[in-house]
Structures are given as structure tokens and as C-alpha cells.
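The points take up the core, the helix, the ligand shell and the strands in turn.

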Amino acid sequence: MSGKELIKFCNVINLPKISEPRGNLTFIEGPQGASHIPFEIKRVYYLYDVPGGAERGGHAHKDLHQLIVAMSGSFDIVLDDGFSKKRFHLNRSYQGLYICPMIWREMDNFSSGAVCMVLASNFYDESDYYRDYQEFLTAANPSPSQQSRSEV
Ligand code: T46
């Protein structure tokens, strides 16, 4: 599959929400369970205490699948498959943005107190990263003449 088709697999997933007067409860299960997300979770990490104006991301993963949830506050994520870009605003803890492999991402517009939780399909491995955008573009699109660099 080429990079051009990949961004359409990246979508906001509405997670189950059990609402009670005592508050809400959301849960997430992988393919062995209720299959809310298309991968088994091997790692969970979170970003917090992000200073105002800071940017995170600036890389792509070669094989990693992720679900990103704004557990508190809000932030933006721009996804880029090497052909087109799409901006998402996350601000609900019952929604997660699924990101498939080979997607460049930039994160900004963090609100005060934002907590970004990431569920990941594998353990941390620096060799899974593209941290150079040109290197990512070359891998995502071996025929650069076909690129359109628009944000949708
Ligand atoms: C992503 C966005 C949403 C580790 O040692 N172990 C880990 O599990 C992780 C995730 C990172 N690190 C180290 C590697 C770097 O030295 O922590 C430092 C910052 O990691 P990274 O550059 O990946 O941080 P972000 O905030 O730019 O990106 C993170 C995720 O890593 C990334 O997968 O998609 O959040």
C-alpha cells in the first residue's frame, strides 16, 4: 500500500462511555476483546506538563500503531502521509485518534493541563522512528512527482 492511501485509515474512534451520576467510565480493548482498536496494546505512555506554545512529535513510525487520547485538556495533531495532511483537535477522553504506521505527525496547541495518553502496539524502539522529514518522504513516496502537499 502506498503512502497516498494511508491517511484515510487514521480516524477518530468513539470509545465506549458509561455515564453515571458518579461520573463517566471509558474502556479500550484490542482485537482479542471488544476490538475498539485494531492492535494489541503493548505500551502506554503519556505527555503532560507541556509548556504553552510547545510542539511535540515531528516524526513518523515505521511499524507502530497508536491510539492517542486527550485524557485532559486539548491539543492538535497534524497527520501527514507524504501526500496530504489532516489536522485533528482532540479534547474528549472518550475519543481516540488511531494512527497507522508511516504517518508523520506534529502536535501543538496544547491547552494548560493537557494530558496526552498514547496506546502503542509495541515497545519503545528508536529504530522504528523516522525523525528526518525528507527521509520519511522518500520512504513514503518513492515517486516524488506525484506528491501533493496540501492540508485537508
Ligand atoms: C508520538 C507522540 C504522540 C522513551 O525512552 N521511551 C518511550 O516509550 C518513548 C515514547 C519515548 N522515549 C524517549 C525518546 C526521546 O528521547 O523520550 C524522548 C521523547 O520521545 P519522543 O521524541 O518520541 O516524544 P514525542 O512527544 O515527540 O512523541 C511521543 C511519542 O514518542 C510518539 O510516538 O506519536 O508522542
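1. The largest nonpolar core comprises 29 residues, and Ile68, Phe75, Ile77 and Ile103 have the most contacts inside it. A nonpolar core here is a set of buried Ala, Val, Leu, Ile, Met, Phe, Trp, Tyr and Cys residues joined through C-beta atoms within 7 Å. A residue is buried if 20 or more other C-beta atoms lie within 10 Å of its own, exposed if 12 or fewer, and partly exposed in between, with C-beta atoms placed from the backbone. Two or more residues each come from S6, strand S7 (75-80), strand S9 (95-99), S10, strand S11 (115-120) and helix H1 (133-140). S6 gives the largest share of this core, 4 residues.

2. The model is predicted: local features need pLDDT of at least 70, side-chain atom pairs count only at pLDDT 80 or more, and totals for chains, interfaces and linings use all residues. Residues are numbered from 1 along each chain as its sequence is written. Helices (H or I, at least four residues) and strands (E, at least two) are DSSP runs, numbered from the N terminus.

3. Not counting residues up to four places away in sequence, Ile77 touches Ile68, Phe88, Leu90, Leu97, Arg105 and Met107. Contact requires C-beta atoms, placed from the backbone, within 7 Å.

4. Which residues of H1 are buried? They are Phe136, Leu137 and Ala140. These residues lie on the same side of H1, because they cover an arc of only 100 degrees around the axis, the arc being that of the directions from the helix axis to the C-beta atoms. Gln134 and Glu135 are exposed on the other side of H1. The cover over the buried residues of H1 includes S5, S10 and strand S12 (129-130).

5. The shell around the ligand consists of Tyr45, Leu47, Arg56, Gly57, His61, Gln66, Ile68, Arg105, Met107, Val118 and Tyr124, where a residue counts if its C-beta atom, placed from the backbone, lies within 6 Å of the molecule. At least two shell residues come from each of strand S4 (43-47), strand S5 (56-61), strand S6 (66-72) and strand S10 (104-108). S5 supplies the largest share, 3 residues.

6. S4 is hardly covered, with a count of 0 buried residues among its 5. S4 pairs with S11 in the antiparallel sense over 5 bridges; pairing requires that DSSP finds at least two bridges between the strands. Tyr46 stands opposite Met117 in S11.

Notes:
Two residues are in contact if their C-beta atoms, placed from the backbone, lie within 7 Å.
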